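Subject: Structure handover

Dear colleague,

Please find the structure below, with my notes on it after that.

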Amino acid sequence: MTLIATRPGAGAARPYRFPQVVRRSAAGGQVVAAHLPGQNLAVALLLLDGGAGREPVGKEGLGGVLAKALEEGTAQRDATAYALAIEALGTELVAGLDWDSFQVSVQVPVDRLGAAVELLTEAVRTPKLDPADVRRVRDDEATALRMDWANPGPRADAVLRADLFGADNRWGRPLYGDPDSVAALDVDDVTVFHSEWFIRPGTLIVAGDLDRIDLDALAATVFTGAGGAAPDKGGPIEVPLSERRRIILVDRPGSVQSTLRLGHPSPHRAHPDHVPMTLAGTVLGGAFTSRLNHLIREVRGYTYGIRGDFASSRRFGRFAISSGVQTAVTAPALVEAVGEVSRTRLTGVTEDELAVARSWRAGQLSVELQSPRAIASALTTLVVHDLPDDYHARLREALLAATVEEVSAAAVAHLHPESLTLVVEGDSALIRDDLVAAGLGEVVDHAP
Amino acid sequence: MPDSGYPWPIETTRLDNGLRVVVSEDRTAPAVAVNLWYDVGSRHEPEGQTGFAHLFEHLMFEGSVNVAKTEHMKLIQGSGGSLNATTNPDRTNYFETVPAEHLELALWLEADRMGGLVPALTQETLDNQRDVVKNERRQRYENVPYGDAWLRLLPLLYPPGHPYHHATIGSMADLNAADLATFQAFHSTFYAPNNAVLTVVGDTTAAEVFALADKYFGALPPRDDIPAAPDGRTVPAGGGPGVETVTTDVPAPRVYVAHRTHPFGTPGYDVTTVLATVLGSGRGSRLYQRLADGERIAQPDLVGAYGVDLAHGPAPLIATATARPGVSGDRLREGLTEVVDELATVPVTAAELDRAKALLSTMWWRQMSTVDGRADTLGRYATQFGDPARAGERLPAWLAVTAEQIAEQAAELLGAADRATLTYLPEETS
């Protein structure tokens with residue numbers, strides 16, 4: 001035999017280390033940096049408390065329009081000159097948002113970081129926001145969303161979110177808005193949002209070789225002229241569970257797959273069950289060998305992939321499963337997916353499954369946190385959620401220490417199969433009867 | 001900045017069975033990347049067997065002599081690792097990044113599926129993964145607007161018989177016809193140690209890796225008659241430019257303009273890479289400035305140009321734009337081709353060139369910023385050019401490209417007679 005049959009054991013484990021974190025107050029703002037010795041690339045990111053959660057109801061997509069409008073010229077130069085100046089440094093301006101924050105960043109060879117941060121600051125603090133430009137960017141964004149919404153997924157996501165959180169609330173509407181909400185924005189909405197949230201100092205995140213980076217100089221660039229107090233972050237939002245499970249059918253005629261989005265509300269990020277809940281989600285739908293992917297893909301062959309997880313922001317969270325399954329097997333795939341949620345809640349997780357989940361989540365803290373971009377993202381987690389410098393090391397310990405009892409208890413507490421909303425985006429004419437017959441709950445047709 | 005694009009050590013060896021082993025030590029993080037390039041891709045597929053190389057890639061995760069079905073995934077993730085595999089026209093790569101103490105496990109797993117896949121391969125596994133791949137095809141190509149653009153561009157660029165004529169995902173008919181014996185033969189034919197490169201980058205030493213490679217792979221038999229893919233270097237002259245217009249369920253007109261350039265790794269393709277960046281990367285690019293900003297006929301987020309890095313034939317250069325509301329497909333196509341045509345007539349300025357090179361430098365160092373990015377790069381250069389150290393030449397070669405070379409290449413290769421044009425138009429709505 002030419003193969004070695006015996007599986008080798010692990011060698012001596014190397015100690016885990018997150019890069020050294022440096023925090024300082026400078027020029028009226030806060031800097032949080034990670035030292036990456038020898039790294040040629042550096043990332044600087046300005047973290048502002050101006051996420052989608054700050055958008056007024058009815059103004060969804062405001063942050064996305066502002067993100068694009070920042071590049072339409074500044075007090076110092078027009079849009080073309082700005083693009084040429086920043087791209088000549090080897091970076092584009094990357095602006096984006098989530099529920100809790102607005103983030104603008106650059107990624108450049110370390111010797112160009114100072115110049116890149118100057119241009120970043122120019123766009124964030126002193127954008128021109130010419131009314132004609134803002135209107136054009138708004139129209140382009142509405143068009144871009146229309147393009148995106150022609151794909152399967154965004155409509156199903158929006159229907160699920162509205163059903164979980166209520167369309168009367170900002171957090172019950174899509175993160176980036178929808179084509180209509182963006183088209184309805186006006187110039188004042190954008191300029192007011194900018195003046196309210198983009199002049200406050202925020203936090204400067206830096207990941208790179210700090211021996212070659214002058215943090216004080218970067219801070220002076222970013223914070224000089226900025227002002228205003230850090231805003232109140234708001235407390236967790238109580239979101240009631242649905243009293244009964246139901247299916248919402250979103251028609252997409254001609255679809256060769258059905259897009260599935262199943263979910264219910266779950267706790268916010270600071271909930272004490274965060275770690276066991278994450279691990280329960282990993283066993284159910286996170287790892288490749290998760291219960292959902294194993295059954296629906298590897299045994300049944302219904303899909304290219306299916307995943308489920310708990311996700312959370314500062315004020316709210318949700319459990320969700322997503323997949324695309326062949327049209328003909330939509331109902332059985334749905335029945336089996338709900339079945340796995342129920343089974344996980346009823347019987348908990350096994351030690352064998354949990355061993356994979358905890359090692360994987362813990363190991364990812366070394367394997368996936370390598371690049372300056374990934375490290376910068378990890379630093380934003382510290383800032384947004386008020387976590388200590390050694391958070392990642394502590395998280396690793398907590399993951400590795402979680403027991404079957406704790407994770408199974410989290411499954412009981414935080415999985416609610418009877419309260420799931422099951423959104424199906426597919427060819428209604430082909431799947432509706434099967435969905436009714438499946439008996440999973442009332443089938444409601446989403447009004448287009 | 002260093003003079004080389006690869007300022008880390010590289011050590012190589014070749015086992016007696018022909019397996020090439022590449023190691024690049026880096027103690028920065030307690031992780032290692034393990035990467036295998038097999039020199040087999042969809043270019044090796046005969047007619048009637050399209051999609052087989054990729055379907056085979058799926059089967060490599062379904063168990064081998066000493067590894068149960070899906071256990072590969074479980075063991076790697078259960079060690080804290082990330083893993084995946086990809087197939088393209090040129091090659092198939094398999095890779096995992098694990099905490100350094102699990103290096104030996106990763107090598108054992110890779111050896112087991114290199115040397116022991118066939119006895120574990122069952123009809124049930126094949127049928128299951130055939131269904132998974134068909135769902136992958138539906139999800140990525142059939143169920144999304146414009147999803148089949150790549151499937152349509154390839155036959156416009158490469159004639160029947162050329163190894164790049166068909167797409168890696170294959171056809172549903174061929175996938176349905178796939179039988180077990182063909183896959184057993186596929187493994188025996190191509191998954192031999194002398195058809196692969198094993199690369200390890202990260203928290204280890206060359207001596208350790210060489211010893212482990214010999215221990216786990218050293219006894220696997222080589223194969224001396226691995227068939228070559230059809231020669232793709234010369235493309236027979238076709239019947240003029242390829243043009244296709246598709247009227248279907250898409251939200252706006254979109255145009256792709258594509259050309260055959262040079263094989264990846266040649267000086268000519270270095271020019272293509274810089275040219276594509278000047279043309280279509282970033283807001284300062286010609287396409288953005290002219291079509292999204294200037295004339296405002298294209299949607300700003302959906303305009304761009306890129307080369308597809310294929311090494312065994314003239315690689316494609318693709319430029320694309322999607323119409324703003326009210327702009328016709330004809331108008332968009334005229335605008336797009338005009339900007340491409342001007343690469344030959346309007347000289348690239350020093351500022352345009354510097355911008356492109358700065359963006360490419362950052363792109364290169366981003367790829368080099370992780371052990372897995374470095375491992376895949378070294379595996380590519382060892383497989384395709386016989387020497388992993390040649391990876392260090394790529395960035396300097398890009399930085400040496402001149403405006404004159406770009407104009408010359410545009411005049412030589414980007415003419416209307418050599419152009420493939422694919423236009424999507426929305427269906428008329430009543």
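Which residues in helix 12 of chain A meet helix 14 of chain A, and which residues in helix 14 do they meet? On the helix 12 side they are Arg358(A), Arg361(A), Ala362(A) and Leu365(A), and on the helix 14 side His392(A), Leu395(A), Arg396(A), Leu399(A) and Leu400(A). By class, this contact has 5 nonpolar, 1 polar and 3 charged residues. Please keep in mind throughout that this is a predicted model.

The geometry of that pair is as follows. Helix 12 of chain A covers residues 351–367 and helix 14 of chain A covers residues 391–401; their axes are 8 Å apart and the packing angle is about 165 degrees. Because of that angle, helix 12 of chain A is roughly antiparallel to helix 14 of chain A. The crossing of helix 12 of chain A past helix 14 of chain A is left-handed.

The contact between them takes 33 residues from domain 1 of chain A and 28 residues from domain 2 of chain A. On the domain 1 side, strand 2 (29–35), strand 3 (41–48), strand 5, helix 5 (154–165) and strand 6 (203–208) of chain A each supply at least two residues. Helix 5 of chain A gives the most to that side, with 8 residues. By class, the side of domain 1 of chain A that touches domain 2 of chain A has 19 nonpolar, 9 polar and 5 charged residues.

Since 7 of its 8 residues are buried, helix 1 of chain B is largely enclosed by the rest of the structure. The buried residues are Phe52(B), Ala53(B), His54(B), Leu55(B), Phe56(B), Glu57(B) and Leu59(B). They pack against strand 4 (82–87), strand 5 (92–99), helix 4 (123–142), helix 6 (172–177) and helix 7 (180–190) of chain B.

With helix 7 of chain B, the axis of helix 1 of chain B comes within 11 Å and crosses at roughly 85 degrees. The two helices are therefore roughly perpendicular. Phe52(B), Phe56(B) and Leu59(B) of helix 1 make the contact with Thr182(B), Phe183(B) and Phe186(B) of helix 7 of chain B. That contact has 5 nonpolar, 1 polar and no charged residues.

Is Ala411(B) buried or partly exposed? Ala411(B) is partly exposed, because 13 other C-beta atoms lie within 10 Å, whereas a buried residue has 20 or more. From Asn17(B), Ala411(B) is 394 residues away in sequence and 47 Å away in space, C-alpha to C-alpha.

Regards

Terms used:
Residues are numbered from 1 along each chain as its sequence is written. Chains are lettered from A and ligands numbered from 1 in the order in which they are written. This is a predicted model: local features need pLDDT of at least 70, side-chain atom pairs count only at pLDDT 80 or more; totals for chains, interfaces and linings use all residues. Axes are lines fitted to C-alpha atoms, for helices over the stretch in contact, and angles run from 0 to 180 degrees between N-to-C directions. Helices (H or I, at least four residues) and strands (E, at least two) are DSSP runs, numbered from the N terminus. Angles under 35 degrees count as roughly parallel, over 145 as roughly antiparallel, 65 to 115 as roughly perpendicular and the rest as oblique. A crossing is left-handed if the near helix is turned anticlockwise from the far one by less than a right angle, and right-handed if clockwise. Two residues are in contact if their C-beta atoms, placed from the backbone, lie within 7 Å. Ala, Val, Leu, Ile, Met, Phe, Trp, Tyr, Cys and Pro count as nonpolar, Asp, Glu, Lys and Arg as charged, and the others, Gly among them, as polar. A residue is buried if 20 or more other C-beta atoms lie within 10 Å of its own, exposed if 12 or fewer, and partly exposed in between; C-beta atoms are placed from the backbone.
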